[in-house]
Amino acid sequence: MKMKFLSTMHGKYVQTTLLNCLLRRAIHDTEHTTDLELTRHRKKPAGGGRVLKNTSIVYSFNAWDNVEWDEEQEQKALEAVQKNSTVTMPDDDKIKFKSDADKFWDSFYGVHQNRFFKDRHWLFTEFAELAPNKDIQKSRNIFELGCGVGNTILPILKYSTEPNLKVFGCDFSSKAIEIFRNHPEFDTKRCEIFVMDATSEDWNVPFQPETQDIIVLIFVLSAIEPVKMKRVVENCHRYLKPGGLVLFRDYGRYDLAQLRFKSGKCLEENLYVRGDGTMVYFFTQEEVRKLFTDAGFAEEQNVIDRRLQVNRGRMLKMYRVWIQTKYRKRQT
Ligand SMILES: C[S@@+](CC[C@H](N)C(=O)[O-])C[C@H]1O[C@@H](n2cnc3c(N)ncnc32)[C@H](O)[C@@H]1O
């Protein structure tokens, strides 16, 4: 009867609709129906909300939160990393990618302009400290390192209702800063952006030490070679007010992006070069903890966000791993 229905109605749309109906029915029959339907419509809570309890319905949704890895999966990931990092790049290439990092990001933005990174929809749920809050009357400063073309700062400016908010942003790619500055929503009254290499010993910034309430590091520390990360974190500590907060989100060890690297792209352990010449490092929670606590910060959050993204058309499972942390400068 199903075949007859399909052949008389023709058309991919009808087939898809029917399949969707059947799929929904199957889901309805599982004990997890209520969970799933709730998570489909409601706003994703911090840390994610859709948990895969029944693996037979994995392809029913595009993504699952807080996915557990078993030992076999961990072992496979380790083997993939060992395989793609056995051969490291020749020394000349290592030097080029590290010392010309800003030029590679310049070409990246020359090609992609502001079309590559999507606005961070999880920004305000994961980091409530950045969310619009009209009750905050006191003046607040937020500084983003590696702000790119504004995918984090622009939503903050757009939704903020704070009367006394000032947002600063820097990037070592002058191309990124130029594109950001030309964005129609760039607001010179509430925002100041400038070119600066975050790894430089003395930051050339338009504000004094101990003046920032929040420093944002979103997918930027991973673009910096590990030996220079300590200095960046120490400078964050210097420019935050006592009690100020660093918000960090970045790639975690064994993220799909790390496992996908081909041999010959590894610069050093867990540091790779993408096809466009930009570098990327994959952190463990412990490494991030050490970086910040060594610089004197107190830990408020250090979580691993394991997400399973599903390509339903191609029946592909993609395991993503991110690290999210909050570190506070102690009151003296
Ligand atoms: C993956 S992008 C993230 C951009 C932005 N944080 C966002 O959320 O859209 C990384 C950015 O870090 C910048 N970056 C990398 N190393 C840097 C450094 N040493 N100093 C300043 N910016 C840097 C790159 O130019 C790039 O814009």
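Predicted model: local features only at pLDDT ≥ 70, side-chain atom pairs only at ≥ 80, totals over all residues.
Q113 is found in the loop between α6 (101-112) and α7 (123-126), and its phi is positive, at about 50°, although Q113 is not a glycine.

E210, which lies in the loop between β4 and β5, also has a positive phi, near 60°, in a residue other than glycine. With 14 C-beta neighbours inside 10 Å, E210 counts as partly exposed. As background to both cases, most residues other than glycine have a negative phi.

## The eight-stranded sheet

The strands form an open sheet of eight with mixed pairing, in the order β1-β10-β11-β6-β5-β2-β3-β4. The edges are taken by β1 (63-64) and β4 (191-195), each of which has a single partner strand, so that one side of each is left without a neighbour in the sheet.

## Helices lying across the strands

Helix α10 (residues 229-239) lies across β2 (140-145), β5 (212-218), β6 (240-251), β10 and β11 (316-329), and it runs at about 145° to β6. Helix α12 (residues 285-294) lies across β6, β10 and β11, with an angle of about 155° to β10.

## The largest nonpolar core

Which residues touch the most other members of the largest nonpolar core? Of its 63 residues, these are I215, L217, V246 and L247, while the largest share of the core, six residues, comes from β6. In general terms, nonpolar side chains tend to be buried together in soluble globular proteins.

The contacts of I215 can be listed in detail: leaving aside residues up to four places away in sequence, I215 touches F143, L145, C236, Y239, L240 and V246. Of these, V246 is itself one of the core residues that touch the most other members.

## Surroundings of the ligand

The ligand is surrounded by 20 residues, of which the closest are W105, G146, G148, N151 and A198. When the shell around the ligand is sorted by class, twelve residues are nonpolar, six are polar and two are charged.

Technical notes
Residues numbered from 1 in each chain as written. Pairing = 2+ DSSP bridges. Helix = DSSP H or I, 4+ residues; strand = E, 2+ residues; numbered from the N terminus. Contact = placed C-beta atoms within 7 Å. Axes fitted to C-alpha atoms, helices over the stretch in contact; angles between N-to-C directions. Core = buried A, V, L, I, M, F, W, Y, C linked by C-beta atoms within 7 Å. Buried ≥ 20, exposed ≤ 12 C-beta atoms within 10 Å, placed from the backbone. Near = placed C-beta within 6 Å. Nonpolar A, V, L, I, M, F, W, Y, C, P; charged D, E, K, R; others polar.
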